Amino acid sequence: MPAPSLRPVKLLSADDLFAAEKAVETAIPALGIGSGAINLFVGESFVAKSWALLAAGLAVATGRPLWGAWKTVPGPWLHLDLEQGARVTKSRLRRLARGMAISDEELRALVDQEAVRVAVFPDLRLDSQGAAAAFRHLFEGVRLVTVDSLRTIAGSIDENDSRIRSALNVLSSAADKTDASVWVIHHGGKPQGGDGPPRARKHLARGSSAIGDEAQSIFTASSLGFGRSRVHHVKTRSLTALVPDFELTVSDVPRGDDPTWGARVLRGDSSPTPPAVLSPEARLLAVLEGGPFAGTRDAFRAAAGIGAAPFRSALAKLLATGAVTEADGHFFAKECRP
C-alpha cells in the first residue's frame with residue numbers, strides 16, 4: 001500500500017516574520033473587547049446579562065460610553081438573539097434607547113441605516129452547513145457583534161464536549177477576518193461546587209474548559225440583588241492588567257404614568273446623563289482617531305455606521321474644510337495626513 005501523501009507545511013520566511021500586521025480593531029478599548037477571538041460575558045440567571053450586552057451594542061452603535069463609563073469606538077452593531085424572542089428583545093431595545101436619550105425616531109433611523117442590526121432566532125448555528133462563510137458574510141462592516149447565547153448558537157454541539165472550541169473558532173475566525181468584535185453571553189454554573197470549596201470565578205463558565213480557552217477576554221457576573229450585579233474581569237489577552245471589579249445596575253426610567261417607559265444599565269459610579277448622538281461628521285472622524293483608514297468610500301461609510309446620504313454630505317463637508325483628506329485609497333484626518 002503506498003504511503004499516504006502529506007500536505008507540505010509552509011514555514012514563515014524572514015520577510016513574513018517581519019511583515020507588519022494590521023492593528024487589532026477594538027469596539028471597547030478599555031475592556032479589551034476587540035476583533036479576533038471571541039469575548040465572553042458569563043453569569044447565572046438573573047444577573048442582567050442580556051440587558052448589559054444590549055446596552056453595550058447601543059452604546060457602540062451611537063458612540064456613547066459603555067454603561068456610562070468607558071469610551072466606545074462607534075460603528076454598526078449586530079445582535080443575534082437566540083433566547084429572548086422578538087417581544088422581549090424589541091421591548092428592551094426600545095426602553096434602553098429611551099434611557100440613553102435616543103428617541104424612537106432616531107432608533108428607527110439607526111435600524112434603517114443598518115447601524116443597529118437585530119436578528120431574532122436566525123436560522124444559523126455553528127454546526128450549520130457553510131457556517132464559516134455565513135458568519136463571515138454576516139459580520140462584514142460590523143464593529144460589535146453580541147450573541148445571546150453560546151448554548152443556543154452552538155446548535156447540536158454539546159457545550160460539555162471539548163470539540164466546542166472548534167465550533168467557537170468559527171466565530172473567532174469570522175471576527176478576525178472582518179475586524180468585528182464578538183461578545184457572547186454564556187450561562188454560568190453555581191459559584192459553590194457542591195460540598196467542596198467555592199469555584200474560582202474564571203471557572204464559573206458552564207461546560208467544557210475549552211470554552212474559556214477559546215476566549216480572549218472573559219467577564220463573569222454575580223448577583224447583588226434585583227437589578228444589581230458585580231462584574232469580575234477574569235481573563236484578558238490584549239490588556240496589560242485585568243479591569244478592577246465593578247457594579248452594574250439596571251433601573252427603570254419612568255415617564256408620565258408609565259414607570260417602565262425606559263431603562264438604563266450603568267456602572268455603579270457612572271452618571272445617568274448620556275451625551276448627545278454623534279453627528280455623521282463626528283462618526284467619520286472617530287473612525288480616523290486610530291490613524292488613516294484604508295478602503296473604499298463604502299467601507300469608510302460602513303466603519304462609521306451611517307447611511308449613504310448622511311455619509312456623502314458629511315464627507316463633502318470634511319473634505320471641503322480640510323479636516324479629512326482622501327488619497328490613494330486612504331482617508332486621513334488633518335492631524336495624521338502624510
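Guide: The protein has 11 helices and 14 strands, where helices (H or I, at least four residues) and strands (E, at least two) are DSSP runs numbered from the N terminus. This is a predicted model, in which local features need pLDDT of at least 70 and side-chain atom pairs count only at pLDDT 80 or more, while totals for chains, interfaces and linings use all residues. Residues are numbered from 1 along each chain as its sequence is written, and side-chain values use heavy atoms, with hydrogens and water left out.

Visitor: Which residues have the most contacts inside the largest nonpolar core?

Guide: A nonpolar core is a set of buried (under 20% relative accessible area, 1.4 Å probe, protein chains only) Ala, Val, Leu, Ile, Met, Phe, Trp, Tyr and Cys residues joined through side-chain atoms within 4.5 Å. Here the largest one has 41 residues, and those with the most contacts inside it are Ile28, Leu31, Phe41, Leu58, Trp67 and Trp183. Helix H2 (49-62) is one of the elements that each supply at least two residues of this core, and the largest share, 10 residues, comes from H2.

Visitor: Is Ser172 buried or exposed?

Guide: Ser172, found in helix H7 (residues 164-178), is buried, with a relative accessible area of 4%. Its side chain makes a polar contact (a pair of N or O atoms within 3.5 Å, one able to donate a hydrogen and the other to accept it, and with residues adjacent in sequence counting only if both atoms are side-chain atoms) with the side chain of Glu214, at 2.6 Å.

Technical notes:
Buried means under 20% relative accessible area, exposed over 50%, partly exposed in between (1.4 Å probe, protein chains only).
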